[in-house]
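Please read the following short report alongside the sequence and the model.

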Amino acid sequence: MKAIQGTTGHATADMLVNTYAHIQQSSRVELGRKFEEGFYAKQENPSPQAVNAAGEPTISMTALLELLKNADPEVKAQLRLALLT
């Protein structure tokens with residue numbers, strides 16, 4: 001701040017800050033708005049695995065069948081064994 005104060009010719013660093021601080025305010029507000037929109041935006045295509053209110057993972061039947069259909073044979077064998085025992 002002191003270097004900029006000297007370059008711009010302001011009497012004090014405080015005067016410099018008070019003079020130009022408002023210029024970036026609109027940029028900060030806009031950036032905050034964009035961040036909120038991106039962070040809290042609803043997913044158009046939600047992932048097949050979500051978390052319900054109780055914190056338990058849930059998955060749709062269609063997504064589960066798709067995962068099982070594409071699983072490698074070893075995983076399918078383990079699942080068969082788990083279902084039969």
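## A histidine between two helices

His-10 lies in the loop that joins helix H1 (2-8) to helix H2 (13-40). Helices are DSSP runs of H or I with at least four residues, strands are runs of E with at least two, and both are numbered from the N terminus. The model is predicted: local features need pLDDT of at least 70, side-chain atom pairs count only at pLDDT 80 or more, and totals for chains, interfaces and linings use all residues. Residues are numbered from 1 along each chain as its sequence is written, and side-chain values use heavy atoms, with hydrogens and water left out.

His-10 counts as buried because its relative accessibility is 16%. Buried means under 20% relative accessible area, exposed means over 50%, and partly exposed lies in between, with a 1.4 Å probe and protein chains only. The side chain of His-10 makes a polar contact of 2.6 Å with the side chain of Thr-8. A polar contact is a pair of N or O atoms within 3.5 Å; within protein, one must be able to donate a hydrogen and the other to accept it, and residues adjacent in sequence count only if both atoms are side-chain atoms. Leaving aside residues up to four places away in sequence, His-10 touches Gln-5, Met-15, Leu-16, Thr-19 and Tyr-20, where contact means heavy atoms within 4.5 Å.

## Ala-13 in helix H2

Ala-13 is found in helix H2. With a relative accessible area of 19%, Ala-13 is buried. Residues up to four places away in sequence aside, Ala-13 touches Met-1, Lys-2 and Gln-5. Met-1 is 12 residues from Ala-13 along the chain, and their C-alpha atoms are separated by 5.9 Å.

## The chain as a whole

The protein chain has four helices and two strands. Their order from the N terminus is α-α-β-β-α-α. The chain has 85 residues, of which 7% count as buried. It exposes about 7700 Å², and carbon and sulfur atoms supply 61% of that area. Accessible areas come from the Shrake-Rupley method with a 1.4 Å probe; for residues, only the protein chains shown count as cover.

## A nonpolar surface patch

Ile-59, Met-61, Leu-64, Leu-65, Leu-67, Leu-68, Leu-79, Leu-83 and Leu-84 make a nonpolar surface patch of about 870 Å². Two or more residues of the patch come from each of helix H3 (61-69) and helix H4 (73-84). H3 gives the largest share, five residues, and Leu-65 is found in this helix.

Patches are made of residues with over 30% relative accessible area and no salt bridge; like charges are joined within 9 Å, and nonpolar side chains (Val, Leu, Ile, Met, Phe, Trp, Tyr) within 5 Å. A salt bridge is a side-chain nitrogen of Lys or Arg within 4 Å of a carboxyl oxygen of Asp or Glu.
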